[in-house]
Amino acid sequence: MTATNQPRARAQETFRRLRVIHPDAHCELDHVDPFQLLVATVLSAQTTDVLVNQITPRLFARWPDARALASAPVAEVAALLRERLGMFNQKGKNIVGLAKKLVEKHGGEVPRTLAELVELPGVGRKTANVVLGVAFGRPEGVVVDTHVQRLSQRLGWTTEQKPETIEKALCALFPPEDWNMLSLVLIFHGRRVCFAKKPACAACGVNDVCPSAFAAENVGRKPPRKRTAVVIEPAPKKKAAAKKATKKATPKKTAANTVVVKRGGATRIAPKKAAAKGKGSGRG
Ligand code: SF4
């Protein structure tokens, strides 16, 4: 084995062991066909599979295929989604929009290429590869969600931080026939053992080869959000008014406040008030 092949061989051996640990790894979004999987995956953005599975049975009972969903009023779809999901307006618009495109461009069927899938509303590279991998067994990359991102870093398979570059690193380590199961197995392991907080390293079947074992808490986690100090400044108008007020409160000593006083042969500059007093007193 050459030195360059060692990381690949080690990663593939660890993956083989993880597959044995999770023989039942599968996509946990309930569906019966590619259309339902596509819709469920779009709905799963920013939420859990559990919540999506609570709403899709009623959604698909009412609008079971692309043709039915394409003619559904967006407001009615959104109202149904609202019972379980956030972003229901946007998601409702997306799934009705994608159903319309499926009918118009693909005869109501789900296309089988990444290029065609990402043309649909609400469908990005990750969603497209879930559908290509799970429904058709032909992904064009590795699905990198939060679990795949965290585990591939903890297992020492990549030091990359962004999903796109992590995907490239994983595609270089594993052959295309493993790409679908790779993300499914990592997602299973991430949900059941290698939790984001407090990973169960003691119970993990690959802790003897994992470089992060028993020290993984902060590996592969999103960095804490930076809190920036907020400086509240007065609005421009108020600022100008405050300046004006300050001017009034501290009058400048100007020549206008003084008078020229002539007494006897002497001439001097005196404050107006003092000069007036002197005049009144009759002194001098
Ligand atoms: S040993 Fe710990 S950090 Fe490594 S994969 Fe297992 S649970 Fe995750």
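**Note on helix packing and the ligand shell**

1. In helix α6, the residues that count as buried are Lys91, Gly92, Asn94, Ile95, Val96, Leu98, Ala99 and Leu102, where buried is taken to mean that 20 or more other C-beta atoms, placed from the backbone, lie within 10 Å of the residue's own, while exposed means 12 or fewer and partly exposed covers what is in between. Helices here are DSSP runs of H or I with at least four residues, strands are runs of E with at least two, and both are numbered from the N terminus. An α-helix has 3.6 residues a turn, so residues three or four places apart point the same way.

2. The structure under discussion is a predicted model, in which local features need pLDDT of at least 70 and side-chain atom pairs count only at pLDDT 80 or more, whereas totals for chains, interfaces and linings use all residues. Residue numbers start from 1 along each chain as its sequence is written.

3. On confidence, the chain averages a pLDDT (the predictor's confidence in each residue, from 0 to 100) of 86, and 77% of the residues score at least 70. Residues 248-255 have a pLDDT below 50, and beyond near neighbours in sequence this stretch has zero contacts in the model, a contact being a pair of residues whose C-beta atoms, placed from the backbone, lie within 7 Å. Residues 274-284 also have a pLDDT below 50, with six contacts in the model beyond near neighbours in sequence.

4. As to the overall fold, the chain comprises 13 helices and two strands, and 29% of its 284 residues count as buried. Of the contacts between residues at least 6 apart in sequence, 54% join residues at least 24 apart.

5. To return to α6, this helix runs over residues 88-106, and its 19 residues should span 27 Å at 1.5 Å a residue, which agrees with the 26 Å between its end C-alpha atoms; the expected span is 1.5 Å times one less than the number of residues. Its buried residues pack against α2, α4 (66-70) and α5 (74-81), and just after the helix Gly107 takes a positive phi of about 60°.

6. Helix α8 is mostly covered, with nine of its ten residues buried, and the cover of those buried residues includes α2, α7 (114-117) and α11. One of them is Val131, which, leaving aside neighbours within four places in sequence, is in contact with Pro34, Leu37, Leu38, Thr41, Val110 and Leu117. Val131 and Ile95 are the residues with the most contacts inside the largest nonpolar core, a set of 53 residues; such a core consists of buried Ala, Val, Leu, Ile, Met, Phe, Trp, Tyr and Cys residues joined through C-beta atoms within 7 Å.

7. Apart from neighbours within four places in sequence, Lys126 is in contact with Val143, Val144 and Asp145, and its C-alpha atom is separated by 8.1 Å from that of Val142, 16 residues apart along the chain.

8. Val185, placed in α11, is buried because 23 other C-beta atoms lie within 10 Å, and beyond four places in sequence it is in contact with Phe15, Leu18, Arg19, His22 and Ala25. Phe188, also found in helix α11, is buried with 21 other C-beta atoms within 10 Å and touches His22 and Ala25, not counting residues up to four places away in sequence. The C-alpha atoms of Phe188 and Arg19, 169 residues apart along the chain, are separated by 9.9 Å.

9. Positive phi values in residues other than glycine are worth checking by eye. Gln46, with phi near 60°, is found in the loop between α2 (34-43) and α3 (49-62) and counts as exposed because it has 9 C-beta neighbours inside 10 Å. Lys198, with phi near 50°, is found in the loop between α11 (179-192) and α12 (236-249), and its 8 C-beta neighbours inside 10 Å make it exposed.

10. Finally, 14 residues surround the ligand, the closest being Cys194, Cys201, Cys204, Cys210 and Ala216; a residue is near the molecule if its C-beta atom, placed from the backbone, lies within 6 Å of it. This shell divides into eleven nonpolar, two polar and one charged, with Ala, Val, Leu, Ile, Met, Phe, Trp, Tyr, Cys and Pro counted as nonpolar, Asp, Glu, Lys and Arg as charged, and the others, Gly among them, as polar.

Notes:
Contact = placed C-beta atoms within 7 Å.
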